[in-house]
Amino acid sequence: MKRLLLFLPLVIAVGVGIFLAAGIGKDPTKLESARIGKPVPAFSLENLNDPTQLLDESVLKGEVALLNVWAEWCPSCWDEHEYLMWLSKEKGVRIVGLNYKDQRETAFSFLGRLGNPYDEIIFDPKGSLGFDLGVYGAPETFVIDANGIVQYRHVGVVNKQVWEEVLQPVIQKAKGNS
Amino acid sequence: MRNIHGALLLLILCAFGAQAEVSEVYDFDTRAEEQRYQNLIAELRCPKCQNQNIADSNAPISKDMRDQVYRLMKNGATNDEIVGDLVGRFGEFVQYKPPVDKRTILLWAFPAIAVVVGVAIVAGVAIRSRKREKEESALSPEELARVKKMLADKDQQA
């Protein structure tokens with residue numbers, strides 16, 4: 001019994017080591033969204049392509065969709081755009097854009113150069129919908145199910161790996177549920 | 001010399017510039033209201049620049065959050081309602097002080113647990129060593145006699 005007690009510090013050290021090692025490699029800047037499992041907040045904002053048309057939360061209902069928060073001023077948005085093009089063209093994913101704290105002219109020049117993967121684009125120059133969604137840094141990509149419920153939020157660039165390992169499984173699940 | 005003056009002037013100007021960037025103008029009816037606002041923004045955490053509160057942070061998101069705090073205050077919301085509103089948007093992360101609930105109870109209770117366990121260990125060690133002292137230090141009568149004899153011998157020799 002006494003002998004065994006001598007091993008206690010070793011056991012504690014190994015336990016703490018395992019606990020701490022589990023945290024290595026996790027990105028502390030990626031926060032879980034507080035909106036998961038809740039509906040997309042109500043909004044009424046202009047369509048980027050048509051200032052006279054107001055879009056509301058119903059554009060995110062009826063079909064599982066990605067809601068991609070982007071802006072011309074955001075460098076990572078330039079990086080991920082080709083993957084969004086690929087997702088929309090090759091994979092047939094419905095992508096709704098949320099143009100966040102941007103201007104119409106710069107947004108159009110961005111889309112003119114890189115192409116438009118979005119089915120609809122919500123124009124949010126003041127970032128009000130972004131604020132309600134808890135957006136803290138573009139790009140962010142939300143998975144919204146057919147009932148307009150937020151299922152997942154990805155912070156950062158979407159690329160092939162993120163699609164295959166993270167977004168696709170979530171979308172499959174969302175499609176299965178509805 | 002002139003260069004030093006120029007550098008100093010530049011430094012002072014820079015300092016003013018940095019200050020002008022953070023100060024927004026909010027109107028408060030009373031000093032107490034303003035103090036309440038300052039306390040609130042000091043205890044809310046910026047989700048973008050994670051080790052700053054929204055009072056210190058220059059990130060656009062922090063400005064949005066300060067605006068929201070001000071707006072809710074003007075609408076007569078309580079502190080709990082204001083913090084709850086921001087937690088509802090950005091998650092528990094924005095609170096420096098997490099609420100006590102099932103998930104965080106270990107976090108809150110850990111200092112107390114550590115103290116209790118520590119006191120128990122120290123008390124255990126002390127009691128045990130005292131017991132041992134009593135058992136082992138007592139010399140048998142023969143041993144006592146031997147000790148006395150040895151000491152007496154020493155005295156004679158000296």
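Predicted model: local features only at pLDDT ≥ 70, side-chain atom pairs only at ≥ 80, totals over all residues.
Residues are numbered from 1 along each chain as its sequence is written, and chains are lettered from A and ligands numbered from 1 in the order in which they are written.

**Confidence in chain A**

Let's begin with pLDDT, the predictor's confidence in each residue, on a scale from 0 to 100. Chain A averages 91, and 99% of its residues score at least 70. Helices (H or I, at least four residues) and strands (E, at least two) are DSSP runs, numbered from the N terminus.

**Around helix H4 of chain A**

A residue is called buried if 20 or more other C-beta atoms lie within 10 Å of its own, exposed if 12 or fewer do, and partly exposed in between, with C-beta atoms placed from the backbone. Helix H4 of chain A covers residues 104-114, and its buried residues are A:Ala107, A:Phe110 and A:Leu111. Looking down the axis of H4(A), these buried residues fall within an arc of 90°, so they line one face of the helix. The arc here is that of the directions from the helix axis to the C-beta atoms. On the face turned away from that buried side sit A:Glu105, A:Ser109, A:Gly112 and A:Arg113, which are exposed. Part of what covers the buried residues of H4(A) is E4 of chain A.

The loop between E4 and H4 of chain A holds A:Lys101. This residue has a positive phi of about 50°, although it is not a glycine. A:Lys101 counts as buried because 20 other C-beta atoms lie within 10 Å. After H4(A) comes A:Gly115, with a positive phi near 95°.

Another backbone detail is the peptide bond from A:Ala138 to A:Pro139, which is cis, with omega near -5°. A:Pro139 belongs to the loop between H5 and strand E6 (140-144) of chain A.

**Chain B and its helices**

Of its 158 residues, 13% count as buried. Two residues are in contact if their C-beta atoms, placed from the backbone, lie within 7 Å. Among contacts in chain B between residues at least 6 apart in sequence, 34% join residues at least 24 apart.

The domain assignment gives chain B a domain 1 (28-94) and a domain 2 (105-157); such bounds come from an automatic or database assignment. The centres of these two domains, taken over C-alpha atoms, are 57 Å apart.

Helix H4 of chain B has twelve residues (79-90), which at 1.5 Å a residue should span 16 Å, and its end C-alpha atoms are 17 Å apart, which agrees. The expected span is 1.5 Å times one less than the number of residues. Buried in H4(B) are B:Ile82, B:Val83, B:Leu86, B:Arg89 and B:Phe90. Seen down the axis, they fall within an arc of 125°, so they line one face of the helix. B:Asp80 and B:Glu81, on the other side of H4(B), are exposed. Following H4(B) is B:Gly91, whose phi is positive, near 95°.

**Where the chains meet**

What covers the buried residues of H4(B) includes a piece of the other chain, helix H5 (128-133) of chain A, together with helix H2 (31-43) and helix H3 (60-74) of chain B. Overall, twelve residues of chain A are in contact with eleven residues of chain B. The chain A side of this has five nonpolar, five polar and two charged residues. Here Ala, Val, Leu, Ile, Met, Phe, Trp, Tyr, Cys and Pro count as nonpolar, Asp, Glu, Lys and Arg as charged, and the others, Gly among them, as polar.

A:Leu10 is found in helix H2 (residues 8-23) of chain A, and B:Arg130 in helix H5 (residues 105-137) of chain B. A:Leu10 is exposed, with 9 other C-beta atoms within 10 Å; B:Arg130 is exposed too, with 10 inside 10 Å. The table gives a C-alpha distance for each.

| Pair | Apart in sequence | C-alpha to C-alpha |
|---|---|---|
| A:Leu10 and A:Ser33 | 23 residues | 38 Å |
| B:Arg130 and B:Leu106 | 24 residues | 35 Å |
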